[in-house]
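User: I have a structure open here and would like to walk through it with you. Could you take my questions as they come?

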Amino acid sequence: MKELNKEEFKSEVEDYVKVLFRKSIKEADDQQIFQAVAYAVKDFIVDQWMATHRTYEEKDVKTVYYLSMEFLMGRALGNIIINLKGNQAIKEAIEELGLNLDVIEDQEPDAALGNGGLGRLAACFLDSLSTLGYAAYGCGIRYKYGMFKQVIENGYQIEKPDDWLKYGNPFEIKRPEYAVEVKFGGYVSIKKDEETGRNKFVQENYQSVLAVPYDLPVVGYNNNVVNTLRIWDAEAIDTFNLDSFDKGDYQKAVEQQNLARTICEVLYPNDNHMAGKELRLKQQYFFVSASVQRAVMKYMEKHDDIRKIHEKVCFQLNDTHPTVAVAELMRILVDEYNIEWDEAWHITNKTCAYTNHTIMSEALEKWPLELFSRLLPRIYQIIEEINRRFVLDIQRAYPDDYGKVERMAIIYDGQVKMAHLAIAAGFSVNGVARLHTEILKNQELKDFYQMMPEKFNNKTNGITQRRFLLHGNPLLADFVTKKIGDDWITDLKHIDELSVYTDDEMSRKEFMNIKYQNKVRLAKYIKEHNGIEVNPRSIFDVQVKRLHEYKRQLLNILHVMYLYNELKKNPDKEFYPRTFIFGAKASAGYHRAKSIIKLINSVADVVNNDKSIDGKIKVVFIENYRVSNAEIIFAAADVSEQISTASKEASGTGNMKFMLNGAVTLGTMDGANVEIVEEVGKENAFIFGLSSDEVIAYEHNGQYNPRDIYNTDGDIRAVLTQLVDGTYSSNLDEFRDIYNSLLDGQGGRPDMYFILKDFRSYAEAQERVSAAYADTAKWAKMAMLNTAKCGKFSSDRTIEEYAQEIWHLEKVKVEVTTED
Ligand code: CBF
């Protein structure tokens, strides 16, 4: 591993401040210092970046292209420094320059090119791919505006644009030499090919944009490997200057300019929900076409047989969003390389693999035929042909079952069903936690599993311990290293060696003292950002994730309302002080989710200001939850709220980040919680609620009626009544929709997320939490065991499984030579 020279680094920082801003270190502001430090770090890694790509080419290794609409990377600087193992040297260099690394890191905007779990998973995967030494490209979109900034005004969420590129991104490199054209619209005509004499499909009268890549480095841990996150931007093709430019083309040229301007403008802020917008489909085809075209070109630079592309290239489809990749590859093979359909189809089958991240029906992408065929006429033709053949296969396999075609066809009911296309075309279909994969196989995708069982497999999600422990929680990271050495940084299984220390009182005390210091750090953040004083000796009970009804932040806040009522009724009740911490963004158009945010803030207002309860309950809503503040929050949590309706959360990854940081799970048997409990033991978690089988059974038999609970449980009725009686808002209609959703369902099923059904069991689990926390030694052991038993949940383990079982990649060692 190349060594970082402190003196050289210092003078680079000074030079960059001068060259970029014509200033000395003393004159430059914090943002300018950040830029200069980032450029100096980039200088240092660029040799490794070049060496990595040289090595891949020399060894001609297979590459995975991770196609994803979202990469929720967070800040780069701190993470790169950690992975370079340069923390100490850089810190010293910075201090010797009279600067502070924490302040510098804080200047960097989060690269928030994603919504939640799916985008953050992609970022963790890239970190692991580099650390493990696998050749990979992350391929996505360079959104001009990332995930909106959330501001809370009078308790309401307000969305502000995230202008993350305002000061430029010092880590990116524009690569105009790899730009490709992407075509939209027009029509397809058949022409005779001069060379082959065969008919050719040609897209005409289309609009097009130039896809221009920007490369970002993804630095592996202490191994010289730097992979690339390639994000595409759109530029107008310079039609105004074409010779053929005439009056008729003027309109088209303007339209093309507009198309280029809008396509990468903004990330759609929908998590687990499809908005069905035309621009979104344009975004999907834009980055997929550019990535696939470029991957094929790169492959053909070094190989002469396109038929063998699957030996060197794999496209992993991160959910259905990039599924048009299947048809785009078919287009390139059939139209550009004149491969016969059957052969092209086999090549495509061997090159594409699909990950499913949700069973939520509203998230499954289905595009109206009219829109799809108008926007992507040639791609649509190809999908029609794929569908025609697939339907014949279904009919051959199930000649007497007419329902199969209805349930499985790719094109049906005037819609193109992207999940069906991905399953039909890919060689692998995986879920993201064991329970989720079983639900896919036995419920949601049952027909597909019956027909193609060999394609289905599970890859339980994971997270990178380098960002979420080594970087986010340095005190705990040092403690772990002191106890067991530092192998855990690249092989998290080793963290289990901490288990023996859970019986040692001194170690437990040290562990809890670190937790306390992290709670003080978070309390300070809360004071600065929310103006709320919280007691770091109280239980920090945390739910941070996207706001969605199925994640049931509503259950959490209704329970807070119930606890508050109990305390008011009985002020002398023994009660361990609690701080309930929330952080969540709601999609801009998701009204109920936004009302739930307002409810949390309204409850916070009442409870936090009620002197009679003596600060025993505090409620805090952390504004603008994102990767950078998440690191501080996980480190400080005692209780990890993972309370989704069983069967709905495909995996969850926040649950793993909390566990790594020694928080105890309070959760349902959903997603990866099931495997967390399996690892840590059910005595070291607080489990409650309906099982996924019970939820699914109720959904089928319709026998759940929340009114029965409302009518028989006075405490629940009191809490619900307070939603509409002015306790939390003088506007009696403020929370009426929430109230109705629980009892009337407004046309849908009332309480479709089983909040009232699970309420008592949740409240009882919460009582167990309080009792356990009061027993200091017991709690310390539980918390520490959570850290010790989280080895399975490293994204390194997940990526190893993808690499061995799906992608079939070989590991590469990179040496930096004088050539680089
Ligand atoms: O697999 C990663 C995550 O993806 C989601 O966030 C998604 O957007 N589909 C799921 O909701 C999570 O359960 C899952 O962990």
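**Working through the model**

Analyst: Asp413 sits in the loop that runs between strand E16 (411-412) and strand E17 (415-417). Please keep in mind throughout that this is a predicted model.

User: Is Asp413 buried or exposed?

Analyst: Asp413 has a relative accessible area of 65%, and because exposed means over 50%, it falls in that class. Its phi is near 55°, which is a positive value in a residue other than glycine.

User: And what about Asp60, where is that one?

Analyst: Asp60 is in the loop between helix H2 (30-59) and strand E1 (63-67). Asp60 also has a positive phi, of about 50°, although it is not a glycine, and with a relative accessibility of 28% it counts as partly exposed.

User: Switching to the ligand, which residues come nearest to it?

Analyst: There are 14 residues around the ligand, and those that come nearest are Asn272, His357, Asn461, Glu649 and Gly652. Sorted by class, the shell consists of five nonpolar, seven polar and two charged residues.

User: What polar atoms face the ligand oxygens, and at what distances?

Analyst: For Asn461, a polar side-chain atom lies 2.9 Å from an oxygen atom of the ligand. With Ser651 a polar backbone atom is involved, 3.0 Å from an oxygen atom of the ligand, and a polar backbone atom of Gly652 is 2.8 Å from a ligand oxygen atom.

User: How much of the ligand's area does the protein bury?

Analyst: The ligand taken alone exposes 350 Å², and the protein buries 96% of that.

User: Which domains does the shell draw on?

Analyst: At least three residues of the shell come from each of domain 2 (60-75 + 110-385 + 418-461 + 803-807) and domain 3 (470-692 + 758-791). The domain assignment also gives a domain 1 (1-59 + 76-109), and the centres of domain 1 and domain 3, taken over C-alpha atoms, are separated by 35 Å.

User: Let's move to helix H20. How many residues does it have, and what does it span?

Analyst: Helix H20 covers residues 553-569, which makes 17 residues, and it reaches 25 Å from its first C-alpha to its last, close to the 24 Å expected at 1.5 Å a residue.

User: What does the side chain of Gln553 lie close enough to for a polar contact?

Analyst: A polar atom of the Gln553 side chain lies 2.9 Å from the backbone oxygen of Arg546. Asn684 is placed in the loop between helix H24 (673-680) and strand E25 (686-687), and it counts as buried at 7% relative accessibility.

Technical notes
Residues numbered from 1 in each chain as written. Predicted model: local features only at pLDDT ≥ 70, side-chain atom pairs only at ≥ 80, totals over all residues. Heavy atoms only, no water. Helix = DSSP H or I, 4+ residues; strand = E, 2+ residues; numbered from the N terminus. Expected span 1.5 Å × (residues − 1). Near = heavy atom within 4 Å. Polar contact = N/O pair within 3.5 Å; in protein donor to acceptor, adjacent residues only side chain to side chain. Areas by Shrake-Rupley, 256 points an atom, 1.4 Å probe, with all protein chains shown as cover. Nonpolar A, V, L, I, M, F, W, Y, C, P; charged D, E, K, R; others polar. Domains from an automatic or database assignment. Buried < 20%, exposed > 50% of the residue type's maximum accessible area, 1.4 Å probe, protein only.
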